[in-house]
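Subject: Structure handover

Hello,

Here is the structure I said I would pass on. Please look it over first; my notes on what was found follow below it.

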Amino acid sequence: MTVPRPAGPAEPTGPGPTGSEPTGSDSSEPAPAPATDAAPATDKAVAPAPRRTFGLAAATALVMGNIIGGGIFALPATVAPYGTISLLAFLVLSVGAVLLALLFGRLARRSPVTGGLYVYPRDAFGEFAGFLSAWSYWTMCWVSIAALAVAVVGYVDVLIPLHGNHVLQALVAMAALWLPAAANFAGTRWVGAVQVVSTILKFVPLLLLATIGLFFVDADNFGPFNASGQSVSGALAASAALLLYSFLGVESAAVSAGEVRDPERTVGRASVLGTLASALVYVLGTIAVFGLVPHDRLVDSGAPFADAVNAITGGGWGGIAIALVAVASITGCLNGWILMAAQMPYAAARDGLFPAPFARLGKGGVPGFGVWACAVLGSVLIALNYTAGPDTTFRVLVLITTFTGCVPYLLSAAAQLYWLARGTRARVRPAGLARDLTVAVLSFAFSFWLIAGAGYAAVYQGVLFLFAGIPVYVWLRGRKDTAEAAA
C-alpha cells in the first residue's frame, strides 16, 4: 500500500498557482483538499503509510521538547548584560510564538499532513516556494542537531570529567546524536514515548525552580533595567536577537501532522499548549535566576541555573542536579528534532522535489533515510567542531539557523494571507476573518522581525545557503518534468 500524497491540491478553477481551491477564508473551517489520483513516481519505493500514533499529550510533548532544549540553561547569563529589559523581550517573543502556534493550527485544518511548513507554501505559491521552505527548514534542522549534540558535552563534563580530551568530547557528542536517532529508527511510537518521558524529566525540575525559586528572590539582585547603555528599543531588539532561537520548534506538531491523531484539532491545541508551557518555564525561570543570582555574578556565570539552585539550598550540588536535567532535556530535544529533520524532506520527496530516498518509510513509520542523512551530516559537523578548532564552518553555520528556521515561518504566514485574500465573500464570517487575518498579519510581522534580529551576517550567509539549494531544485524539477512528459 502506498502513502497518500500529502495535501494533494485539487485542480484550480482558474489561472494561478497550483493549490486547493479555498472554500472561503480559513474562518469558514475549510476541509483539507482531497488527494490527487495520480501518485508521484517515488511511490513505488515507499513503505506503508505512517501510523497516527501521536495523541494530544505526545504532540504537546513534541512541541515542548523541541522548544526547550539546552539553551535555557545558559540564556539568563547570555542576556544578563542587557539588564532586566531582557525579561520584556522574553514576553514579546512568547506572544509572537503563540501567534505562530495559532497560525499553524489554522493551516493544519486545511492541510493536516506531514511536512506542514513545506505543504503550506507549496499549495499557495507553487513548488518552488515549497522547495525553498523545505530546504531552508531542513538546513536549520541538521545544523541545530549538531549544535545540540555538542551542547551535551559541557553538561556531561560536570558529571564525568572529560579533561578537555577532544576525542572523548567528540564521542560523547556522537553518542548524544545517535542514541535519539536509534529511537527514531524504532518508529514514531517510540519517538512519542521518549519525548513524553524526557519532557517530564526536564519540565518538572525547571518548573519547580521557576516557582519555588520565586519565594527566595531578592529584588536587589535584579540589577538595572537597561544595563547595555543603548536605547530601550535598541537593547530590547538586541536581547531579543539572542533569545529568538529559544522558540524554534513551535511548528513541530504541524510538521509531523501526518503522525498526529485527529490533526485538524490536535495540531492547533498541541502547538498552543506546548508553546504556552514552554514560555511559562522560560519567563518564570529567568525571573527566578535574575532574582537569586546577583547581577554582577550572573553576567559571568557559566551555569546560571546551578548558581540559582545553590543560592536556594546553600549547597554545591546544584551543578550536578542541573547537569542531569540538562542532559535529559537535550536528549529529548534531539529526539524530536531528528524526527523533524526527516519529515520535511519526506513530504518534499513525495512531490519529487527532494531525492527519492527521502520518501521511503521504515517499518515504524519514520522516514529512515532522512534520519540517516541528518545523523550523518550532524556527525560531520561535530567532527569539524573538534578537529578544525574555533571559527570553523560549523560555528558559521550555527549563526544562520535562526534565519533558515524563520524563512518557512514567513512563507507559511504569507500562505495564510493568500488563502484569506482568495476567499469567497459569501462564505466569510466577519468575526472569523478578522481573527485569522490578525493572526496571519502579526505572524508575518513577527517572522520578519526575527529574521532582521538575526543580524546582517546571519542573513547574508543564510541567503547564500538558501540559494545554494536552487541547483538541487533545478535538477530535480527537470528530471520530474522529463519523466512526466515521457509518461
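Arg106 and Asp436 form a salt bridge, with 3.4 Å between the closest N and O atoms; the term stands for a side-chain nitrogen of Lys or Arg within 4 Å of a carboxyl oxygen of Asp or Glu. The two partners come from distant parts of the chain, since Arg106 belongs to helix H3 (residues 85–110) and Asp436 to helix H17, 330 residues apart. Helices here are DSSP runs of H or I with at least four residues, strands are runs of E with at least two, and both are numbered from the N terminus.

Before going on, note that this is a predicted model, in which local features need pLDDT of at least 70 and side-chain atom pairs count only at pLDDT 80 or more, while totals for chains, interfaces and linings use all residues. Residues are numbered from 1 along each chain as its sequence is written, and side-chain values use heavy atoms, with hydrogens and water left out.

The cut-offs are under 20% relative accessible area for buried, over 50% for exposed, and partly exposed in between, with a 1.4 Å probe and protein chains only. Asp436 also forms a salt bridge with Arg435, where the closest N and O atoms are 3.0 Å apart. Arg435 is partly exposed, with a relative accessible area of 41%.

The count of salt bridges comes to seven. Another of them joins Glu127 and Lys480, at 2.5 Å between the closest N and O atoms. Glu127 is in helix H5 (residues 127–159) and Lys480 in helix H19 (residues 470–486), so this pair ties together parts 353 residues apart in sequence. Both residues, Glu127 and Lys480, are buried. Through shared partners, salt bridges join Glu127, Arg477, Lys480 and Asp481 into one network.

Now the helix packing. H16 (residues 401–421) packs on H17 (residues 430–453) at an angle of about 155 degrees, with the axes 9 Å apart. Axes are lines fitted to C-alpha atoms, for helices over the stretch in contact, and angles run from 0 to 180 degrees between N-to-C directions. H16 is therefore roughly antiparallel to H17; the classes are roughly parallel under 35 degrees, roughly antiparallel over 145, roughly perpendicular from 65 to 115, and oblique for the rest. The contact (heavy atoms within 4.5 Å) involves, among others, Phe403, Leu410 and Leu417 of H16 and Asp436, Phe444 and Ile451 of H17. Its residues divide into 17 nonpolar, four polar and one charged. Nonpolar covers Ala, Val, Leu, Ile, Met, Phe, Trp, Tyr, Cys and Pro, charged covers Asp, Glu, Lys and Arg, and the others, Gly among them, are polar.

H5 meets helix H14 (residues 368–387) with axes that come within 9 Å and cross at roughly 50 degrees, which means that H5 is oblique to H14. Residues in this contact include Trp138, Trp142 and Ala149 in H5 and Gly378, Leu381 and Tyr386 in H14. By class there are 13 nonpolar, two polar and no charged residues.

Ser278 sits in helix H10 (residues 263–292). Ser278 is buried, with a relative accessible area of 0%, and touches Met64, Ile67 and Ile68, leaving aside residues up to four places away in sequence.

For the chain as a whole, there are 19 helices and zero strands. Of its 487 residues, 56% are buried.

Regards
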